[in-house]
Amino acid sequence: MSAKINLFIEKRNSEISLRPRFTIELKEKKQEVLNRFADEFKKETTKFSGSFVDGHLFISVSKKDEHFWSPQLHLEIVEESDNTATLKGLFGPKPQVWTLFMFIHFIIGCSFLAFCVVLYTRISLNESIFFPIIMMIVLPFIWIVLYMLGKIGKDTGKNQMKNLHDFMINTINS
């Protein structure tokens, strides 16, 4: 009874992160791990889809289970020696969602600063400060609403992220 056992240590780079990262030291070759993932994606029962690009693996939730908040797992496998490799993982939203998230925050932040300048200018010119004050109250409120919307979608994304993590661990250990 010879069971294949992979011992690995999962090191988390940070406990609190918008895009959690981790590192796993593997006691096998890079190509063996990549082949296992390729075999897993060929199965009809798999719930995930993946694509390979030069030692990088992008694992996504299947199209039928996917929604706006669905995470993506990016794995990079670096060969350390003949029989060891390091797997580096990064959980995060799809690149389009991450770009939209950053763009909206950039626009709200720049707008807030612009209304600070408008407020200062209106105070200096002894003009009405009603509109700039309203905007300086509304913009942080929009930020809070966006944060709350993110919290709502986070639970579904968290469950999918756990499923992606379990899929990765099971594939590595198979």
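Four salt bridges turn up in this structure, a salt bridge being a side-chain nitrogen of Lys or Arg within 4 Å of a carboxyl oxygen of Asp or Glu. This is a predicted model, so local features need pLDDT of at least 70 and side-chain atom pairs count only at pLDDT 80 or more, while totals for chains, interfaces and linings use all residues. Residues are numbered from 1 along each chain as its sequence is written, and side-chain values use heavy atoms, with hydrogens and water left out.

**Salt bridges**

- Arg-36 pairs up with Glu-28, and their closest N and O atoms are 2.9 Å apart.
- Arg-36 counts as buried because its relative accessibility is 12%, and buried means under 20% relative accessible area, with exposed over 50% and partly exposed in between (1.4 Å probe, protein chains only).
- Glu-28 is buried too, at a relative accessible area of 4%.
- Lys-43 and Glu-40 form another of the salt bridges, at 3.2 Å from N to O.
- In that pair, Lys-43 is partly exposed at 43% relative accessibility, whereas Glu-40 is buried at 18%.
- Asp-166 and Lys-162 also meet in a salt bridge, at 3.0 Å from N to O.
- Asp-166 and Lys-162 sit about one helical turn from each other, because they are four residues apart in helix H3.
- Asp-166 is partly exposed, with a relative accessible area of 30%.

**The overall layout**

- The chain has three helices and six strands; helices (H or I, at least four residues) and strands (E, at least two) are DSSP runs, numbered from the N terminus.
- Going along the sequence, the order is β-β-α-β-β-β-β-α-α.
- The chain has 174 residues, and 32% of them are buried.
- Take the contacts (heavy atoms within 4.5 Å) between residues at least 6 apart in sequence: 52% of them join residues at least 24 apart.
- The chain's accessible surface is about 11,700 Å², and carbon and sulfur atoms account for 63% of that.
- Those areas come from the Shrake-Rupley method with a 1.4 Å probe; for residues, only the protein chains shown count as cover.

**Helix H2**

- H2 covers residues 95–124, and its 30 residues should span 44 Å at 1.5 Å a residue.
- The expected span is 1.5 Å times one less than the number of residues, and the end C-alpha atoms of H2 are 43 Å apart, which agrees.
- Buried residues in H2 include Val-97, Ile-108, Gly-109, Phe-115 and Leu-119.
- Arg-122 also belongs to H2, and Arg-122 is partly exposed at a relative accessible area of 28%.
- Setting aside neighbours within four places in sequence, Arg-122 is in contact with Glu-127, Ser-128, Ile-129, Phe-131 and Pro-132.
- For Arg-122 and Pro-132, the C-alpha atoms are 8.6 Å apart in space, with the residues 10 apart in sequence.

**From H2 to H3**

- Asn-126 is found in the loop between H2 and H3.
- Asn-126 is exposed, with a relative accessible area of 72%.
- For background, most residues other than glycine have a negative phi.
- Over in helix H3 (residues 130–173) you'll find Ile-134, which is partly exposed at 33% relative accessible area.
- The C-alpha atoms of Ile-134 and Phe-115 are 9.5 Å apart, and the two residues are 19 apart along the chain.

**A nonpolar surface patch**

- Phe-68, Trp-69, Leu-100, Phe-103, Ile-104, Phe-106 and Ile-107 make up a nonpolar patch on the surface, with about 680 Å² of accessible area together.
- Patches are built from residues with over 30% relative accessible area and no salt bridge: like charges are joined within 9 Å, and nonpolar side chains (Val, Leu, Ile, Met, Phe, Trp, Tyr) within 5 Å.
- Phe-68 sits in the loop between strand E4 (56–61) and strand E5 (71–79).
- Phe-68 counts as partly exposed because its relative accessibility is 47%.

**Cysteines**

- How many disulfides are there? The count is zero, with a disulfide taken as a pair of cysteine sulfur atoms within 2.5 Å.
- Cys-110 is partly exposed at a relative accessible area of 36%.
- Cys-116 is partly exposed as well, at 27%.
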